[in-house]
Amino acid sequence: MDIDQDAVAAAFGLGRPLGPWRRLDNGGAPTDGLLLETSRGRWTVRTGRLRSEWHREQAHRVHRLQRAALAAGVAMPRPVEPPAPALGYWHHPGGDTLVKVNGWLDGHDLRRPGADLAGAADWTGRTLARIAALDTGGEQPPPPHPVAQWREWVAEAEAGGLPVAGPARALLPAVAEAVALVRDAQSGAPAAVLVHGDTSRANVLRTPGGCTPGGYALIDWESVQPEVPWWEAVSVAFRFATPFNGAAVDPDPRVVRPLLAAYLDAGGPGVPADASAFAGLLRSQLSTAAWCLWLALGHREADAAQRAFGLRIVTDTARELPLVLGGLTGWAALLR
């Protein structure tokens with residue numbers, strides 16, 4: 001999206017730009033983040049598009065949880081109040097363009113080899129419990145896309161001769177099993193609250209010099225969603241405890257157990273420690289895979305890089321989701 005940095009700096013009162021902004025690295029994934037340095041400091045600028053009523057509702061959902069979390073002292077980059085017209089923390093200057101600005105936080109995420117996960121697991125578990133305690137309920141998580149819809153997407157890929165057709169078809173049996181498990185778990189699920197929705201090694205920032213409480217901060221709040229708090233905690237614990245951003249191999253109990261223990265010790269609500277506790281993790285993986293399949297199909301105005309990224313994630317999911325499903329019974333033992 002083409003936006004003018006001088007106009008953004010003026011609209012948000014950020015000071016005078018000291019040079020061209022640069023695009024932030026996102027570990028090989030598509031990114032809309034920009035770093036802008038001005039006479040008043042450094043800022044993260046994000047851009048988006050208002051494409052539907054869902055995007056409008058999501059902007060308000062994110063705003064509701066972030067404001068409550070800020071008031072509760074959860075460490076995060078502080079959003080800059082946008083000028084009017086605004087949509088939550090987004091400035092809506094006209095058309096479908098959206099712009100959001102956060103203050104910059106120095107630090108590094110936890111994806112690098114040798115990152116200290118012990119302190120991060122404790123901080124993250126307690127932070128999840130604090131978020132669960134906020135008064136942000138009133139919604140239920142959406143059900144996963146039905147298997148029939150996945151078959152339609154596969155047929156579209158095959159009809160177009162797209163490279164995603166093979167891995168998408170290979171993914172269908174695992175999708176059917178995961179959808180069934182999530183639907184069964186949701187039928188008797190506890191109440192949901194708004195959660196961060198993308199808490200992972202990529203989005204927990206280790207900050208230097210104690211510049212944030214506990215030395216960590218939770219970044220990238222755009223995936224806020226309603227979820228059962230225990231399911232969210234379990235999903236986060238297993239995402240943390242695998243070598244990359246997503247549970248797919250045997251997780252490290254030295255990360256899973258301390259994170260969940262910290263969550264429960266801080267008052268986070270728990271539910272039975274069985275395979276149903278992984279419903280949130282599975283729904284998240286299904287949602288991500290669906291979005292990436294749409295990208296690979298060329299939906300959402302996906303460019304070549306986004307289509308290639310979507311193909312990579314669908315291919316990875318076709319290989320890894322069966323491993324996740326096969327591991328649930330053993331993984332449940334780590335919840336006790």
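Contact is taken here to mean heavy atoms within 4.5 Å. On that basis, and leaving aside its neighbours within four places in sequence, Arg46 in this predicted model is in contact with Asp32, Trp90, Leu98, Val99, Lys100, Asp220 and Glu222. Arg46 is placed in strand β3, which spans residues 41–49, and it counts as buried because its relative accessibility is 17%, below the 20% cut-off. Among the residues that Arg46 contacts is Asp220, and the side chains of Arg46 and Asp220 are joined by a polar contact of 2.7 Å.

Asp220 itself lies in the loop between β9 (216–218) and β10 (225–227). With a relative accessible area of 28%, Asp220 is partly exposed, whereas Arg46, its partner in the polar contact, counts as buried. Most residues other than glycine have a negative phi, and most peptide bonds are trans.

Val101 is located in strand β6, residues 97–103, and at 0% relative accessibility it counts as buried. Not counting residues up to four places away in sequence, Val101 touches Val8, Phe12, Leu14, Trp43, Thr44, Val45, Arg78, Pro79 and Val80. Val154, by comparison, is 53 residues from Val101 in sequence, and the C-alpha atoms of Val101 and Val154 are 38 Å apart in space.

Helix packing was examined around α6. Two packed helices are described by the angle between their axes and the distance between the axes. The axes of α6 (residues 229–240) and α7 (residues 253–265) come within 8 Å and cross at roughly 150°, and α6 and α7 are therefore roughly antiparallel to each other. In this pair, α6 passes α7 in a right-handed crossing. The contact brings Pro229, Trp230, Ala233, Val234, Val236, Ala237, Phe238 and Phe240 of α6 together with Val255, Val256, Leu259, Leu260, Tyr263 and Leu264 of α7. The residues of this contact divide into 14 nonpolar, no polar and no charged.

Helix α3 (residues 117–132) also packs against α6, at an angle of about 165° and with the two axes 10 Å apart, which makes α3 roughly antiparallel to α6. The crossing of α3 past α6 is right-handed. On the α3 side the contact is made by Leu117, Ala120, Thr124, Leu128 and Ala132, and on the α6 side by Pro229, Glu232, Ala233, Val236 and Phe240. Eight of the residues in the contact of α3 with α6 are nonpolar, one is polar and one is charged.

The arrangement of α6 with helix α8 (residues 279–297) is described by axes that come within 7 Å and cross at roughly 70°, which makes α6 roughly perpendicular to α8. Here Trp231, Ser235 and Phe238 in α6 meet Ala279, Gly280, Leu281 and Arg283 in α8, and the residues of the contact divide into four nonpolar, two polar and one charged.

Notes:
Residues are numbered from 1 along each chain as its sequence is written. This is a predicted model: local features need pLDDT of at least 70, side-chain atom pairs count only at pLDDT 80 or more; totals for chains, interfaces and linings use all residues. Side-chain values use heavy atoms; hydrogens and water are left out. Axes are lines fitted to C-alpha atoms, for helices over the stretch in contact, and angles run from 0 to 180 degrees between N-to-C directions. Helices (H or I, at least four residues) and strands (E, at least two) are DSSP runs, numbered from the N terminus. Angles under 35 degrees count as roughly parallel, over 145 as roughly antiparallel, 65 to 115 as roughly perpendicular and the rest as oblique. A crossing is left-handed if the near helix is turned anticlockwise from the far one by less than a right angle, and right-handed if clockwise. Ala, Val, Leu, Ile, Met, Phe, Trp, Tyr, Cys and Pro count as nonpolar, Asp, Glu, Lys and Arg as charged, and the others, Gly among them, as polar. Buried means under 20% relative accessible area, exposed over 50%, partly exposed in between (1.4 Å probe, protein chains only). A polar contact is a pair of N or O atoms within 3.5 Å; within protein, one must be able to donate a hydrogen and the other to accept it, and residues adjacent in sequence count only if both atoms are side-chain atoms.
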